[in-house]
4 protein chains.
Amino acid sequence: MDEFEIERTGSVELTDPVLVEGLPGVGHVGKLAAEHLLKELKSDLVGRIYSTHFPPQVGVEEGLTELANAELHTITADEAELLVVTGNHQARDAPGHYGLAETVLDVAEDAGVREVYTLGGIPTGELIEEYDVVAAATTEDKRTALEDRGLVEFREGEPAGGIVGVSGLLLGLGDRRSIPAACLMGETSGYLVDPKSARAVLEVLQDVLGFEIEFDSLEQRAEEMEAVVRKIQEMDDGAAAAEEDLRYIG
Amino acid sequence: MDEFEIERTGSVELTDPVLVEGLPGVGHVGKLAAEHLLKELKSDLVGRIYSTHFPPQVGVEEGLTELANAELHTITADEAELLVVTGNHQARDAPGHYGLAETVLDVAEDAGVREVYTLGGIPTGELIEEYDVVAAATTEDKRTALEDRGLVEFREGEPAGGIVGVSGLLLGLGDRRSIPAACLMGETSGYLVDPKSARAVLEVLQDVLGFEIEFDSLEQRAEEMEAVVRKIQEMDDGAAAAEEDLRYIG
Amino acid sequence: MDEFEIERTGSVELTDPVLVEGLPGVGHVGKLAAEHLLKELKSDLVGRIYSTHFPPQVGVEEGLTELANAELHTITADEAELLVVTGNHQARDAPGHYGLAETVLDVAEDAGVREVYTLGGIPTGELIEEYDVVAAATTEDKRTALEDRGLVEFREGEPAGGIVGVSGLLLGLGDRRSIPAACLMGETSGYLVDPKSARAVLEVLQDVLGFEIEFDSLEQRAEEMEAVVRKIQEMDDGAAAAEEDLRYIG
Amino acid sequence: MDEFEIERTGSVELTDPVLVEGLPGVGHVGKLAAEHLLKELKSDLVGRIYSTHFPPQVGVEEGLTELANAELHTITADEAELLVVTGNHQARDAPGHYGLAETVLDVAEDAGVREVYTLGGIPTGELIEEYDVVAAATTEDKRTALEDRGLVEFREGEPAGGIVGVSGLLLGLGDRRSIPAACLMGETSGYLVDPKSARAVLEVLQDVLGFEIEFDSLEQRAEEMEAVVRKIQEMDDGAAAAEEDLRYIG
């Protein structure tokens, strides 16, 4: 097996697609958002990316195994044409992150992608009341376009450590290929898988790309999460213990 | 030396072989099972795989050294023809796991292997009374065939973290080559080298492949282990301390 | 993307340049010093080095992203012609450090560089009153030349662990290309980003290379740091706690 | 720079040389032994091996830097012709260990080497009174030849974890090239740099290869070490504390 292998399972038949990426990360916001798109909109699996930089394992569902991979789906919804990248794994090392991002961009360019949106969470360290979305972009034009819609914030010095992983590299490497790109980051505590943050990110995305989806299932999942949180808070003697207990319940 | 090198020490003369893998892992179940096959049945060493991804070391036995490797043996027993992979080491990094699995599959395809069984343990976190065997398969046909024999369980969401290492990748990468494959995982506490779990796995394997072996030596080893456990439990003040002490006694 | 890629953003038009390197390290002394040169002297960005061995991330400034890289600037000041390498990242692994240093030397040789100065800090473990500069060189000629100026010390057995990272490798690999090189290391506690140490290093460099710069902005930053330190010391119950609190405030 | 580079600084003019390796390891026994050979016998530096798998650093001695490397010296003494490999570093990863050992064997084969001795320590966990030497060999002939001299022991199951690093791989990979090889391991506590253990190893080596050296300087270093140990033991309240304090004083 090569370091990165693309397995095509269908042809991409889109005329003006946008790449949307949501892989595991802070609060699993990006992954939840991308999976919600696949759940709510008609999608076609067009390919999988395998890599020796993914964890050396198979997932098991109902007794059937699947080699670690990233999935590529196409979606046509209202005005929008999407090529969506999602999956259960990030690469395990720096060259793996770079190579995975390059491989995704190869597929995207091949499919005629004109711009890129990567989805993720930005950790605040505390439970969120109102889910703002922070953005970053590769070009001033893109930043201005997003700013003008009034739905996202560009904050001085945020995210503090930059944008790590494929969500960041699709911007950095996309820019080197002159593909405009932006990252939409939903605020999230960082302690919980966060469906509400995913909704906040998707509300921006549907406005920007011109499509509409339902959020009922995401909202229901958020309520289930909140019920768990309430239960733990009731049982809780103090904030520190709670943080420990809540870490990535999902 | 190349990253992976096959040293052939004999020719594989089997007409319809099945690949069986047992390398170190949880409870050393897979390794114990594969080694028991080699002990009880007439076997021929047909090759070794060396790799720069194995630990950089030689083992020493009776003053003689042997470079870290995985061994390939052939076995003919009753109706079954086996190509067995075993050894003392797993690869040390993700590309090493992928490369080792691919190398094993290269040898297996070359030998005309038609299906793959990987052997391992599934940790329960507590001492086991009855040793169930959990399975996972690459295809529905294979899953159905195993289910129909009534000897293994396919459990929703188990193993929780997927199947890691060569035991998992032989399924994932085997599937990409259209070789049907299954993993048989014996329940084991995860704290001890577990000969009884290895026996449970082998009982399934002999039924599936159509051969019979003795388990006396494995049973004797299990009794020795149990004597050690009893002794420690007698000395023990509490469960937590015991778990610590028993970790991988073998 | 290749492991190391040079993106040229301008041509190097220097007749007798010296390479000066300042990347993150102990007390961020080298990085502070190199950035101060770029701030005080007229400079041209002539290139960037990207690498799959850099952290897989983009930095974000005012909402705009930049892929992790090392920057190459040219400076002409008084008698001196400088090719300056700086940036926010070191490589993440040994082959990355070697490859980055080789790539910098390729650019430097291409630009006609005749000697190399790398800038860094040498940790003392205690707060510094007088900032001495310790040096190391690749050749006896270079050592003698530096010694004769009376501004640096060559100390037996210092730095104890050698010089790690690109600052060290530009000497070691430069020497293999017969490019004379020296490392200037400002004493620093090791607990704080240290502008005073950076000034001490630059005072040596300007004497050696024949240029003059202002230190006001560096001095101001040092005063801000010292105000923070005083505040913490006032609040402090003991030395041990202070060390912990001060670790890399910057 | 390639992953492994040989820099030749002289020609090897030996007719029947033996390779002797002593790199850093348990008790620094191998390194001390190899360096003592270079100190006591007339030697010529014939080459250096550089590698991107060595630590990314230069050592500094008297203000002059040297890129991390392994040195190759030739020695002619009495009946013996030696090609000695020593240095301050081991490779930092598994492929580095394999590659370094292969590179050393390439040089050795090129020089007509007919057998290999690697030198190291075997940790006992307690202070040693009488320094036995444990051996391991690649062939039964070699083991028998060493056994017959009565100076070394071949112990069942020792060293427990095999022989790790270049000392082990020169045997494992040497064997694959049909070069007979043995490892001589001096018993050592594992807490101290151990010149007495190095002497024990060299006494075996000089008997086997037919040369004689003085041990005065090694003995003096051992006495200095023992003075330090006595001092610490006097100050010491208990064995546990002492072990902690003595860790790798040298």
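These exercises, each with a worked solution, concern a predicted model.

**Exercise 1. Find which elements of chain C touch chain D, and which one gives the most residues.**

Step 1. Start with the totals: 25 residues of chain C are in contact with 15 residues of chain D.

Step 2. List the elements of chain C that give two or more residues to this side: α2 (94-110), β9 (133-137), α3 (140-149), β10 (163-164) and α4 (166-176).

Step 3. Pick out the main contributor. α4(C) gives the most, with seven residues.

Step 4. Sort the chain C side by class. There are 13 nonpolar, six polar and six charged residues.

Step 5. Look at the strands. β10(C) and strand β4 (residues 57-61) of chain D run antiparallel and are joined by two bridges. In one pairing, C:Ile163 has D:Val58 as its bridge partner.

**Exercise 2. State what separates chain B from chain C, and chain A from chain D.**

Step 1. Take chain B and chain C. No contact joins them, and their closest C-alpha atoms lie 15 Å apart.

Step 2. Take chain A and chain D. Here too no contact is found, with the closest C-alpha atoms 15 Å apart.

**Exercise 3. Trace the strands that pair with β4(B).**

Step 1. Check how covered the strand is. Four of the five residues of β4 (residues 57-61) of chain B are buried.

Step 2. Find the partner in its own chain. Four bridges join β4(B) to strand β5 (residues 64-67) of chain B, and the two run antiparallel. B:Val58 has B:Leu67 as its bridge partner in β5(B).

Step 3. Inspect the turn. Two residues lie between the strands of this hairpin, and B:Glu62 takes a positive phi near 50 degrees.

Step 4. Find the partner in another chain. Strand β10 (residues 163-164) of chain D is joined to β4(B) by two bridges, again antiparallel. In β10(D), the bridge partner of B:Val58 is D:Ile163.

**Exercise 4. Describe how α1(C) and α5(C) meet.**

Step 1. The axes of α1 (residues 29-40) and α5 (residues 195-209) of chain C come within 8 Å and cross at roughly 65 degrees. The crossing is right-handed.

Step 2. Name the residues. α1(C) contributes C:Val29, C:Leu32, C:Ala33 and C:His36, while α5(C) contributes C:Pro195, C:Ser197, C:Ala198, C:Val201 and C:Leu202.

Step 3. Sort them by class: seven are nonpolar, two polar and none charged.

**Exercise 5. Decide whether α4(D) and A:His28 are buried or exposed.**

Step 1. For α4 (residues 166-176) of chain D, ten of the eleven residues are buried, so the helix is largely enclosed by the rest of the structure. Among the buried residues are D:Val166, D:Leu170 and D:Asp175. Just after this helix, D:Ser178 takes a positive phi of about 60 degrees.

Step 2. A residue is buried if 20 or more other C-beta atoms lie within 10 Å of its own. A:His28 has 23 such neighbours inside 10 Å, so it counts as buried.

Step 3. Compare sequence with space. A:His28 and A:Asp194 are 166 residues apart in sequence but 6.7 Å apart in space, C-alpha to C-alpha.

**Exercise 6. Identify the residues with the most contacts inside the largest nonpolar core.**

Step 1. The core has 296 residues, and those with the most contacts inside it are A:Leu184, B:Leu184, C:Leu184 and D:Leu184.

Step 2. Take D:Leu184. Leaving aside neighbours within four places in sequence, its contacts include D:Tyr117, D:Val133, D:Val152 and D:Leu205.

Definitions and conventions:
Residues are numbered from 1 along each chain as its sequence is written. Chains are lettered from A and ligands numbered from 1 in the order in which they are written. This is a predicted model: local features need pLDDT of at least 70, side-chain atom pairs count only at pLDDT 80 or more; totals for chains, interfaces and linings use all residues. Two residues are in contact if their C-beta atoms, placed from the backbone, lie within 7 Å. Ala, Val, Leu, Ile, Met, Phe, Trp, Tyr, Cys and Pro count as nonpolar, Asp, Glu, Lys and Arg as charged, and the others, Gly among them, as polar. Two strands pair if DSSP finds at least two bridges between them. A nonpolar core is a set of buried Ala, Val, Leu, Ile, Met, Phe, Trp, Tyr and Cys residues joined through C-beta atoms within 7 Å. A residue is buried if 20 or more other C-beta atoms lie within 10 Å of its own, exposed if 12 or fewer, and partly exposed in between; C-beta atoms are placed from the backbone. Axes are lines fitted to C-alpha atoms, for helices over the stretch in contact, and angles run from 0 to 180 degrees between N-to-C directions. A crossing is left-handed if the near helix is turned anticlockwise from the far one by less than a right angle, and right-handed if clockwise.
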